[in-house]
Amino acid sequence: MSKELAQVAIAILYRDNQFLMQLRDNIPNIVYPGHWAFFGGHIEPEEDPEDAVKRELLEEIGYAPSTVSFFAHYRDSKVLRHVFYAPLTVELEDLVLGEGWDMGLMTPEEIRQGERYSEKAGEVRPLGSPHQRILLDFIEKCKVIV
């Protein structure tokens, strides 16, 4: 792994053939502002990616899955994404959005279209392109578990 790449750990949380996504804050100086994206974030120095994704889920939505499974690595010129997945075993109302503008469950059709309506934003917002690609790969490879 290159030390120049930022490393993040992100989670695909699924339930009933839908996928929990975060609408990122619409702040220009963050990556993918105002886009639907995964929950997760940067890996702290000396932190294991699996521990990082669990920490981020707890911080961002108050969710502590009993286990997470590794799906794949996705690398581009700026970031290495460690992608994990787990079932979402609680209702959306049981989650506390601690970071981001909105959250919601996306259907495979919305993922293919690359956008979803947000009640909080009052408009259709785009899905980040790497997040769309990862979700489409996941849907294709893991049909059995979702």
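Is Tyr-85 buried or exposed? Tyr-85 counts as buried, at 18% relative accessibility. Buried means under 20% relative accessible area, exposed over 50%, and partly exposed in between, with a 1.4 Å probe and protein chains only.

This is a predicted model: local features need pLDDT of at least 70, side-chain atom pairs count only at pLDDT 80 or more, and totals for chains, interfaces and linings use all residues. Residues are numbered from 1 along each chain as its sequence is written, and side-chain values use heavy atoms, with hydrogens and water left out.

Start with the record. An unreviewed UniProt entry annotates residues 4-130 as "domain: Nudix hydrolase". UniProt positions follow the numbering used here, feature names are shortened, and annotations may be inferred rather than shown by experiment. Over residues 4-130 the chain is 17% helix and 40% strand. The end C-alpha atoms of that stretch are 19 Å apart. Helices (H or I, at least four residues) and strands (E, at least two) are DSSP runs, numbered from the N terminus.

Now the aromatic rings. A pair of aromatic rings is described by the distance of the centres and the angle of the planes. Rings of Phe, Tyr and Trp (its six-membered ring) pair if their centres lie within 6.5 Å; planes under 30 degrees apart count as stacked, over 60 as edge-to-face and the rest as tilted. The count by this rule is seven aromatic pairs. One of them joins Phe-71 and Phe-138 edge-to-face, at 5.1 Å centre to centre and 80 degrees between the planes. This pair links distant parts of the chain, 67 residues apart: Phe-71 is in strand S5 (residues 69-75) and Phe-138 in helix H3 (residues 129-141). Phe-71 is buried at 15% relative accessibility, and Phe-138 is buried at 0%.

Phe-138 also pairs with Tyr-85. Here the rings are tilted, 5.2 Å centre to centre with 55 degrees between the planes. Tyr-85 belongs to strand S6, 53 residues from Phe-138 in helix H3. Tyr-14, Phe-19, Phe-71, Tyr-85 and Phe-138 form one aromatic cluster.

Arg-116 lies over the face of Trp-36, 5.2 Å from the ring centre. The rule requires NZ of Lys or CZ of Arg within 6 Å of the ring centre and within 35 degrees of the ring normal.
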